[in-house]
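Let's walk through this structure together, one question at a time. Keep the picture open while you read.

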Amino acid sequence: MRYWLLKSEPFKYGWDDLIAEKEGTWDGVRNHRAKNNLAAMEVGDQAFFYHSREGLEIVGICEVSVAGITDPTDPEGKWAAVKVKPKTKLPHPVTLKQIKAEPKLADCELVRLSRLSVAEIKPDEWSVICATAGI
DNA sequence: GCCAACGTTGGC
DNA sequence: GCCAACGTTGGC
């Protein structure tokens, strides 16, 4: 079981959209590192849902329901995608400010590579964020 | 709205 | 194969 963080701009596709759809396809990723992360995901992996540009906070947890599919929006079929289902809405969203203020999270991919849209979260980082979120 | 970080493109 | 120019992302 591995942990991830999925970034999305809430005005394009937010947590509420995922709830409404019940299952969302994570496609349109055009960054190699993010693609590698997508390709490494397995069914059952957990992922934080993070709102970028607006909100700047982790709002929920979703679970990979379908792994290893090719991006349906890519005509050449070179890019990867997964499907995710919403699992838990965080009782207390964890803001980027809180993440940056926590020394244990100082070198997670989210902080280090701020432009990466699909980041890996280490198990201990996952626990720290869950604790902060009140889970 | 600005700017830093990063990726991509294209001239050489 | 190098690097400058440009575009995009995302935090502030």
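A residue is near a molecule or strand if one of its heavy atoms lies within 4 Å of it. This is a predicted model, where local features need pLDDT of at least 70, side-chain atom pairs count only at pLDDT 80 or more, and totals for chains, interfaces and linings use all residues. Residues are numbered from 1 along each chain as its sequence is written, chains are lettered from A and ligands numbered from 1 in the order in which they are written, and side-chain values use heavy atoms, with hydrogens and water left out.

Q: Which residues surround DNA strand C?
A: Go by the 4 Å rule for being near a strand. The residues that surround DNA strand C are Lys 7, Glu 9, Tyr 50, Ser 52, Arg 53, Leu 56, Leu 96, Lys 100, Ser 114 and Arg 115.

Q: How much of DNA strand C within 4 Å of the protein is sugar and phosphate?
A: Here you look at the atoms of DNA strand C that come within 4 Å of the protein. Sugar and phosphate account for 74% of them.

Q: How do the residues near DNA strand C divide into nonpolar, polar and charged?
A: Ala, Val, Leu, Ile, Met, Phe, Trp, Tyr, Cys and Pro count as nonpolar, Asp, Glu, Lys and Arg as charged, and the others, Gly among them, as polar. Sorted that way, the surface near DNA strand C has three nonpolar, two polar and five charged residues.

Q: Where is Arg 115, and is it buried or exposed?
A: Helices (H or I, at least four residues) and strands (E, at least two) are DSSP runs, numbered from the N terminus. Arg 115 is in the loop between helix H5 (109–112) and strand S6 (118–121). Buried means under 20% relative accessible area, exposed over 50%, and partly exposed in between (1.4 Å probe, protein chains only). With a relative accessible area of 79%, Arg 115 is exposed.

Q: What is the phi of Arg 53, and what is that of Leu 56?
A: Most residues other than glycine have a negative phi, and most peptide bonds are trans. Arg 53 lies in the loop between S3 and strand S4 (57–70), and Leu 56 is in the loop between S3 and S4 too. Neither is a glycine, yet phi is positive: about 65 degrees for Arg 53 and about 50 degrees for Leu 56.

Q: Which residues have the most contacts inside the largest nonpolar core?
A: A nonpolar core is a set of buried Ala, Val, Leu, Ile, Met, Phe, Trp, Tyr and Cys residues joined through side-chain atoms within 4.5 Å. The largest one has 40 residues, and those with the most contacts inside it are Trp 26, Phe 48 and Ile 58.

Q: How many aromatic pairs are there, and how far apart are the centres of Tyr 3 and Trp 126?
A: Rings of Phe, Tyr and Trp (its six-membered ring) pair if their centres lie within 6.5 Å; planes under 30 degrees apart count as stacked, over 60 as edge-to-face and the rest as tilted. The structure holds five aromatic pairs. Tyr 3 and Trp 126 form a stacked one, with 25 degrees between the planes and 4.4 Å centre to centre.

Q: Which parts does the pair of Tyr 3 and Trp 126 tie together?
A: The pair ties together parts that are 123 residues apart in sequence, because Tyr 3 lies in strand S1 (residues 3–8) and Trp 126 in helix H6 (residues 123–133).

Q: Is Ser 8 buried or exposed?
A: Ser 8 has its place in strand S1. Its relative accessible area is 10%, so Ser 8 is buried.
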